[in-house]
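Thanks for coming. Please have the model up as I talk.

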Amino acid sequence: MRCFAIDLDGTLLNKEHGISDANQAAIKKRQAQGDIVIIVTGRAAFDARRILAQHGLDCPVIGANGAEIEVGQGRPCFLNRSSSRTVWEIVRSTNVFIHIYLQDNILLPQFSLVALQGGDRAFQEAIQAQLTQYGVEKVDEITIDQLDVIKFMFVSPDRLQLEHLEQQLLQLKICSVTRSGAYNLEVMANGVTKGTAIQDIARAYGMTLEDIVAIGDNQNDLPMFEVAGTAIAMGNAETSVKSRATYLTSNHDEEGVAEALNGLERWERKKEGQHGEYLGHR
């Protein structure tokens, strides 16, 4: 038995934010064979569950980059309120779009909408996943001290601004910071990553990390690449992600997940050779 930990955006989901028939069939085939397929995403767990249900899939979910684990005794991992307040005070002085992930919804402060203005076409295309998320509620006032925050998501067309904000937050050492795209920054409780979540999953199922196969495309997937026995990067993945992968598969619009799920054992038998234009052993 193996456990496949699969990212959503840029991985299982195509550009239209849907799951192809081939990807659905490949997941169900693995489940029928006794393997475990887990969705490991930066999205809220409730949003991921909704997407899976729309496509007739039933999989455990790890949401918010590992802050929500819906397996075994898993429970949400909130930022402590002191850390939330510090992050909030810093970000309020910047011009970024803000999503505040709670257990049952996502808050969108109205004042932060101005940050979406002025971005080029690449920016607008890149942030569609954020703008179309389920459960977003626009609010005029935020009392951060009264909220149990699972994750902050910050978006801006100004990459230098995001880099500066990232450095500020990292220097404080009060939270975990990652990215799932060129124009966003994601902040969770200290120590929370997809990698720590994968370790929890292995323990919950009584598996070794060698039994875990991680599939992803972006920076927030690297922590699970580091701990999983096998790491598969999408054809559309960032170069830094591809360089850490065991295998490469096709991109998310060419059903790369199905290709990986259906072809993994064949790749393993031929790992010293080439496996097509997009495939290869590290």
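Which strands does helix α8 lie across? Helix α8, residues 194–205, lies across β1, β2, β3, β4 and β11. Its direction is at about 155° to β2. Keep in mind that this is a predicted model.

Now the sheet itself. The sheet is open and has seven strands, in the order β4-β3-β2-β1-β11-β12-β13, and the pairing is mixed. At the edges stand β4, residues 68–69, and β13, residues 247–248. Each has a single partner strand, so one side of each is left without a neighbour in the sheet.

As a general point, strands of a sheet pair through backbone hydrogen bonds, either parallel or antiparallel.

Helix α11 lies across β1, β11, β12 and β13, and runs at about 135° to β12. Both α8 and α11 lie across β1 and β11.

Last, the serine. Ser112 sits in the loop between β6 (106–109) and α5 (121–126). Is Ser112 buried or exposed? Its relative accessible area is 1%, and under 20% counts as buried, so Ser112 is buried. What does Ser112 touch, leaving out residues up to four places away in sequence? Its contacts are Val96, Phe97 and Ile98.

Key
Residues numbered from 1 in each chain as written. Predicted model: local features only at pLDDT ≥ 70, side-chain atom pairs only at ≥ 80, totals over all residues. Heavy atoms only, no water. Helix = DSSP H or I, 4+ residues; strand = E, 2+ residues; numbered from the N terminus. Buried < 20%, exposed > 50% of the residue type's maximum accessible area, 1.4 Å probe, protein only. Contact = heavy atoms within 4.5 Å. Pairing = 2+ DSSP bridges. Axes fitted to C-alpha atoms, helices over the stretch in contact; angles between N-to-C directions.
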